[in-house]
Amino acid sequence: MKCWASFQLAALASLLMAFIPPDENTIRDAIGDLSGLPPLMQRAFAPDRNSFDPIPTPGPSDWLAVQHEPGQTFDQFKASRPNHPAQDRHVIYLQPLGDFAPERSPSLDKLREFAAAFFAMDVKSLPAVPIDAAKFTRRDNPLTHNRQILTGDVLNFLRTRVPSDAFCIIAITMEDLYPDPSWNFVFGQASLRERVGVYSFARYDPAFYGESRHADYATLLLRRSCKVLAHETGHMFGLAHCTFFNCLMNGSNHLAESDRRPLHLCPVCLRKLQSSIGFDVIERYRALERTDRALGFTDEADWLHRRIGLVEGD
């Protein structure tokens with residue numbers, strides 16, 4: 001009887017935690033009051049269903065099926081007093097860690113170009129730091145047998161190297177990561193208040209899983225890497241996971257779910273980022289369109305082209 005009762009309680013808890021996609025009123029509340037903004041900004045942050053897809057109902061192994069996240073409204077974001085750039089802290093620094101061999105890695109220059117367009121900020125790439133056993137604890141993963149680096153050591157290293165004009169410093173690497181000996185792996189880890197983070201692109205390479213690299217391999221790896229770089233750096237600005245639209249800031253539990261996310265922000269998350277950085281929405285969209293088209297992200301560039309017309313009222 002006890003086992004059956006426990007099962008019923010677990011099932012009830014699961015039902016209570018089940019994610020319900022938001023209705024229009026919930027979405028408008030999340031965006032916040034737009035009445036005091038100029039007409040162009042009101043159009044930029046409007047919940048236009050022609051531009052923004054609804055958040056998918058999660059499958060059994062998707063993020064929102066196993067994580068209870070109520071979402072973060074614009075007003076809650078502002079109340080959290082997140083980090084924001086300042087005149088003396090206005091640069092995003094990328095710290096390459098280890099080797100970025102061209103035949104198996106995204107281009108550092110292209111990552112920097114995308115991040116600069118996405119955040120409408122100065123982005124600088126620092127000289128690569130070799131993976132030194134004296135600095136970073138390493139192990140061979142017991143399942144994959146790939147070399148891994150302990151994330152805590154990287155964060156401690158970065159804390160001593162934050163440039164004086166840095167908004168944040170992000171270590172990026174093609175090495176796999178782990179946060180604790182009991183963990184199999186982690187994609188990345190950050191200390192938001194200290195403005196340091198480390199993220200691995202290793203598992204975005206099909207070859208990591210023993211799969212063949214197809215003709216579009218380089219663009220696929222670059223797209224996945226740009227996506228995780230923008231998502232995780234977005235957290236540095238205080239953006240929580242999005243639960244309102246299909247959005248770059250959605251959480252993901254596996255590679256297929258990550259691939260499903262777009263490279264752009266929904267109106268809720270765009271308003272948060274714009275309020276922090278203060279960029280011109282149209283200028284940012286145009287810079288992103290040029291960058292996405294140059295990087296081969298044609299679908300995103302076409303979306304941005306259409307979006308510019310809608311926001312400008314053409």
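The lining of the largest pocket divides into eight nonpolar, nine polar and two charged residues. Here Ala, Val, Leu, Ile, Met, Phe, Trp, Tyr, Cys and Pro count as nonpolar, Asp, Glu, Lys and Arg as charged, and the others, Gly among them, as polar. The model is predicted: local features need pLDDT of at least 70 and side-chain atom pairs count only at pLDDT 80 or more, while totals for chains, interfaces and linings use all residues. Residues are numbered from 1 along each chain as its sequence is written, and side-chain values use heavy atoms, with hydrogens and water left out.

**Largest pocket**

- The space in the largest pocket is about 400 Å³ (a volume is the space filled by probe spheres set on grid points, which are joined across faces, edges and corners).
- Lining it are 19 residues, and the closest to its centre are Trp63, Phe187, Glu232, Ser252 and Asn253.
- A pocket is an open set of points on a 1 Å grid over the protein atoms alone, where a 1.4 Å probe fits, with protein on both sides within 12 Å along at least five of seven lines; lining residues have an atom within 4 Å of a point.
- Two or more lining residues come from each of α8 (217-236) and α9 (255-260) (helices are DSSP runs of H or I, at least four residues, numbered from the N terminus).
- α8 gives the largest share, four residues.

**Second largest pocket**

- The second largest pocket has a volume of about 200 Å³.
- Of its 16 lining residues, Ser105, Pro106, Ser107, Lys110 and Ala218 lie nearest the centre.
- α8 and α11 (281-295) are the elements that give two or more residues to this lining.
- The largest share, five residues, is again from α8.
- By class, this lining holds ten nonpolar, three polar and three charged residues.
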